[in-house]
Amino acid sequence: MTISQFHPKEQAALTQLASQYSSVFVTGAGGFLGKAICERLIAAGIEVTGFARGDYPELVQLGVKMISGDIADKQAIHQALTGCDLVFHVASKAGVWGDKASYYRPNVEGCDNIISGCLANNLNSLVYTSTPSVTFDGKDEAGIDESEPYASRYLNFYGESKALAEQKVIAANSQALRTVSLRPHLIWGPNDPHLVPRVLDRARRKRLKLVGKQDKLVDTIYVDNAAYAHILAAVELSKPESRCAGNCYFLSNDEPITMAAMLNKILACADLPAVTQRVPASLAYGIGAFLETIYGLLGKQQEPIMTRFVAKQLSTSHYFDISAAKRDLGYRPLTSIDEGMKQLTAWINHQSR
């Protein structure tokens, strides 16, 4: 992969990044977004150290120095950060099901280790991947911006743990360590191991349904746009008078779309019929609450088919005012939803061969 394969604006950002940083550390390097960031850094000629729990030979082949470890292992993180001058902290435990410790250990303690490791190694720039879930309390989020407060209650430990971690990152911003927190919403695209496979699997098993009588608008973000925004944030952090240091930013494709329309665009990429069946929002929420109780009593680790969080996510608005990211980071989506769907179709067709 070479830098010429990317959009001219992304090439310019990567060239600028390479002039400021020589050795970059990426947590969650083997994940969907982490890998996309690594690919861009390597293409720009930057030395990349990736940190992840598993083995990723494709990243090693790409040129990434991979370190296998647990982000909650403070000593391992401090040692791995030696010699780096920029961190993309992308790793986290995502999902909607699990006990408090399973989320707090990687997401909160892991974040503490990254911050202390940066300071111990005199590393002065940290780009943190957060989530819009930090503000979600089960109600509509229609065009909100970063002035929206953190949720007063959370429907799962993911949002709660990410909110705590984000606050730690923002509080850590100083002359010694410049930090920024990014909140991409519903990342999708080729190589997606989460959203797209889940949608297609449920559709094929006739288990995909719309929730609620009214279609609500949601924001999504194509993976290349999310990676590009992270590069822009790192470039801005490198400036003496950085506009983004100490701030958080919502990120999206800036194309609010109904959940039904988005799901059906994904289904069309795999030549699957559109989803039309609906269940009432109150029924979905009640089923989610019931299943969470039963699964909790039985100690089941498997995620229920419905949870309170998922019911609320699917029946409420989630779109954001990204004016701050445009102003401070210079971010504009480079790939539209429709252009991204063409790439997704090609990937799905390739996977099915």
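**Close-up 1. Glutamate 146 sits in the loop between β6 (141–144) and α6 (157–171).** Helices (H or I, at least four residues) and strands (E, at least two) are DSSP runs, numbered from the N terminus. This is a predicted model: local features need pLDDT of at least 70, side-chain atom pairs count only at pLDDT 80 or more, and totals for chains, interfaces and linings use all residues. Residues are numbered from 1 along each chain as its sequence is written, and side-chain values use heavy atoms, with hydrogens and water left out. Glutamate 146 is buried but has no salt bridge. Buried means under 20% relative accessible area, exposed over 50%, partly exposed in between (1.4 Å probe, protein chains only). A salt bridge is a side-chain nitrogen of Lys or Arg within 4 Å of a carboxyl oxygen of Asp or Glu. The nearest side chain of opposite charge is arginine 183, 5.9 Å away; Lys and Arg count as positive, Asp and Glu as negative, and His and the chain ends are not counted. A polar atom of the glutamate 146 side chain lies 2.8 Å from the backbone nitrogen of phenylalanine 250. Not counting residues up to four places away in sequence, glutamate 146 touches Cys248, Tyr249, Phe250, Asp321 and Ala324 (heavy atoms within 4.5 Å).

**Close-up 2. Histidine 89 belongs to strand β4 (residues 86–89).** Histidine 89 counts as buried because its relative accessibility is 1%. Its side chain makes a polar contact with the side chain of threonine 27, at 2.8 Å. Such a contact is a pair of N or O atoms within 3.5 Å; within protein, one must be able to donate a hydrogen and the other to accept it, and residues adjacent in sequence count only if both atoms are side-chain atoms. Beyond four places in sequence, the contacts of histidine 89 include Ile71, Leu126 and Tyr128.

**Close-up 3. Asparagine 191 lies in the loop between β8 (187–188) and α7 (195–204).** Asparagine 191 is not a glycine, yet its phi is positive, near 75°. Its relative accessible area is 48%, so asparagine 191 is partly exposed.

**Close-up 4. Lysine 206 is found in the loop between α7 and β9 (210–211).** Lysine 206 also has a positive phi, about 60°, although it is not a glycine. This residue is exposed, with a relative accessible area of 64%.
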